[in-house]
Amino acid sequence: MREEKYIRCPYCESVNESKGDIVYCRNCKNRISGKKEINLQNAWALLIAAMLFYLIANLNPILVVVKFGVLSESTIMEGVVSLWEEGNYPIAAIIFIASIFVPLLKFILILYILINYKKPTGGSRRVDQAKLYHITEVIGPWSMIDIFVVAILTGIVHMHNVKIVAGVGATAFVLMVLLTMLSAMSIDIRLIKEGKDGD
Amino acid sequence: MSDSLDELIICSKCHKLHRRVKLPHKKVAKCSHCGNILYSSVADTMQKAIAFAITALTLFIIVNIFPILKVTIASEQTNLIVPEMVYIMFENGFIVIGSMLLIVVLLAPFIVLLSFITLGVLSYLKIYKHFARKIILFLIISRQWAMVDIFTISILVALVKLFGYAEIHFGVAFYALLLFVIVDIFFLKTIRPTELWIYFDRKYSDRKYSKGS
Ligand SMILES: [Zn+2]
Ligand SMILES: [Zn+2]
């Protein structure tokens, strides 16, 4: 059984033959692999857009507190710092990892895959890459924590004198997560899988 | 659909190719390369999943009707009710965040539970084979979008932020939510797509499932 001949559908897990430029899953009919050049272009475009939104999300407030008509805004990083200063170290760490570190890690990984896909990679490095990719896929949704926190606070604090609303940064953050997901999806598995070795 | 490709499985972690074998009761199949669990025997796990989906649906309805938190800030009291929270987002003009919340904490989890239950009923009666297949696909896609567990952790983080400013009481929905997450993590999230397909093959074929060489 030569492994390169087969491709796993990321949607329904069924095994497909990797024949031709475009592969549609025989089970769920999703496109699992397209023309590589187009996939690469899409992945790059989506990744760059996602990184832009990451910047916007981090430079703009995600949380706005309106107290007696006075606004006080805070960015993700300011939120982390104030949690830290109040002594909530574990939660400050969770928010930092989930909102700042994980998206960055995902960017770096996608960049790494996109840059290296043409170079021959050894068998073991290919496995590492697939594993790392798998890990970021699993922890990816956790970067939504801070957005959920903002939504929960908005849902609670809507009094006469005190009100919490989301900031521009929160919307940018959601879009960033969405774009990163789309970018990762368009790096099809064949880009990670196909090294020029043939073990 | 009963071609030889159905007998194969590729590891999701390391992409190694394996041949599917029929498993004895309560056994798991592991990847020979990285040790990742590929699938486990499905006979009773799926029955359990379907039964627990009904429990989870009841809990989920409670979660969404009753307040999760009752909060008093400066002698004003408010409740945190999930659908209301989503509504407030839309009302404040945050359409992107509102839509995201609507999908990941309301629609997707609800669809997942309904799919499990419908699949259980259809496969028990052995009817609508084609539709049952569609439901499995639908279930697999929608459950990637269900983020109730992450949302629950976020509630705890939000509590920390409110601590000191507010008087907080937990509502019925909070306990229902905790139970829901436990049921979800232990009985529903553990079901792998491959196991759904094995279950499907078994329920809808007259012959006994005896593939593998
Ligand atoms: Zn598929
Ligand atoms: Zn493996």
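Chain B and chain A bury about 5200 Å² between them, and carbon and sulfur atoms give 75% of that area. The model is predicted. The contact involves 55 residues of chain B and 54 residues of chain A. One salt bridge is counted between chain B and chain A, while a search over all chains finds seven salt bridges. Over all chains there are also 10 aromatic pairs, and a nonpolar surface patch of about 820 Å² includes residues such as A:Leu178 and B:Phe90.

**Interface between chain B and chain A**

- The size of an interface is often given as the accessible area lost when the parts come together.
- For chain B and chain A, that area is about 5200 Å².
- B:Leu5, B:His15 and B:Lys161 supply 12% of the area that chain B buries against chain A, more than any other three residues.

**Salt bridges**

- Within chain A, the side chains of A:Glu13 and A:Arg8 form a salt bridge with an N to O distance of 3.3 Å.
- A:Glu13 counts as buried because its relative accessibility is 16%, under the 20% cut-off.
- A:Arg8 is buried as well, with a relative accessible area of 12%.
- Another pair crosses between chains: A:Arg26 lies in the loop between strand S3 (23-24) and strand S4 (31-33) of chain A, and B:Asp6 lies in the segment before strand S1 (8-10) of chain B.
- A:Arg26 counts as buried at 18% relative accessibility, and B:Asp6 is buried with a relative accessible area of 11%.
- In chain B, B:Asp184 forms a salt bridge with B:Lys189, and the closest N and O atoms are 3.8 Å apart.
- B:Asp184 counts as buried at 12% relative accessibility, whereas B:Lys189 is partly exposed with a relative accessible area of 36%.
- B:Asp184 and B:Lys189 belong to a network of salt bridges that also links B:Asp149.

**Nonpolar surface patch**

- Chain A contributes A:Leu178, A:Leu182 and A:Met185 to the nonpolar patch of about 820 Å².
- From chain B, the patch takes in B:Phe90, B:Ile95, B:Leu102, B:Ile103, B:Leu107, B:Ile141 and B:Trp145.
- Helix H6 (168-186) of chain A and helix H3 (95-125) of chain B each supply at least two residues of the patch.
- H3(B) gives the largest share, four residues.
- B:Ile141 sits in helix H4 (residues 129-143) of chain B.
- B:Ile141 is partly exposed, because its relative accessible area of 37% falls between the 20% and 50% cut-offs.

**Aromatic pairs**

- A pair of aromatic rings is described by the distance of the centres and the angle of the planes.
- Of the aromatic pairs, 10 are found over all chains.
- One of them joins A:Trp84 and A:Tyr89 edge-to-face, with 4.6 Å centre to centre and 65 degrees between the planes.
- The pair counts as edge-to-face because its angle of 65 degrees is over the cut-off of 60 degrees.
- A:Trp84 is partly exposed with a relative accessible area of 47%, and A:Tyr89 counts as partly exposed at 44% relative accessibility.
- In chain B, ring pairs link B:Phe170, B:Phe174 and B:Tyr175 into a cluster.

**Chain A**

- Chain A has seven helices and seven strands.
- Starting at the N terminus, the order of elements in chain A is β-β-β-β-α-β-β-α-α-α-α-β-α-α.
- Chain A has 199 residues, of which 52% count as buried.
- Among contacts in chain A with a separation of 6 or more, 61% are between residues 24 or more positions apart.
- The accessible surface of chain A is about 9400 Å², and 65% of this surface belongs to carbon and sulfur atoms.

Terms used: Residues are numbered from 1 along each chain as its sequence is written. Chains are lettered from A and ligands numbered from 1 in the order in which they are written. This is a predicted model: local features need pLDDT of at least 70, side-chain atom pairs count only at pLDDT 80 or more; totals for chains, interfaces and linings use all residues. Side-chain values use heavy atoms; hydrogens and water are left out. Patches are made of residues with over 30% relative accessible area and no salt bridge: like charges are joined within 9 Å, nonpolar side chains (Val, Leu, Ile, Met, Phe, Trp, Tyr) within 5 Å. Accessible areas come from the Shrake-Rupley method with a 1.4 Å probe; for residues, only the protein chains shown count as cover. A salt bridge is a side-chain nitrogen of Lys or Arg within 4 Å of a carboxyl oxygen of Asp or Glu. Buried means under 20% relative accessible area, exposed over 50%, partly exposed in between (1.4 Å probe, protein chains only). Rings of Phe, Tyr and Trp (its six-membered ring) pair if their centres lie within 6.5 Å; planes under 30 degrees apart count as stacked, over 60 as edge-to-face and the rest as tilted. Contact means heavy atoms within 4.5 Å. Buried area is the accessible area (1.4 Å probe) that two parts lose on being put together, summed over both.
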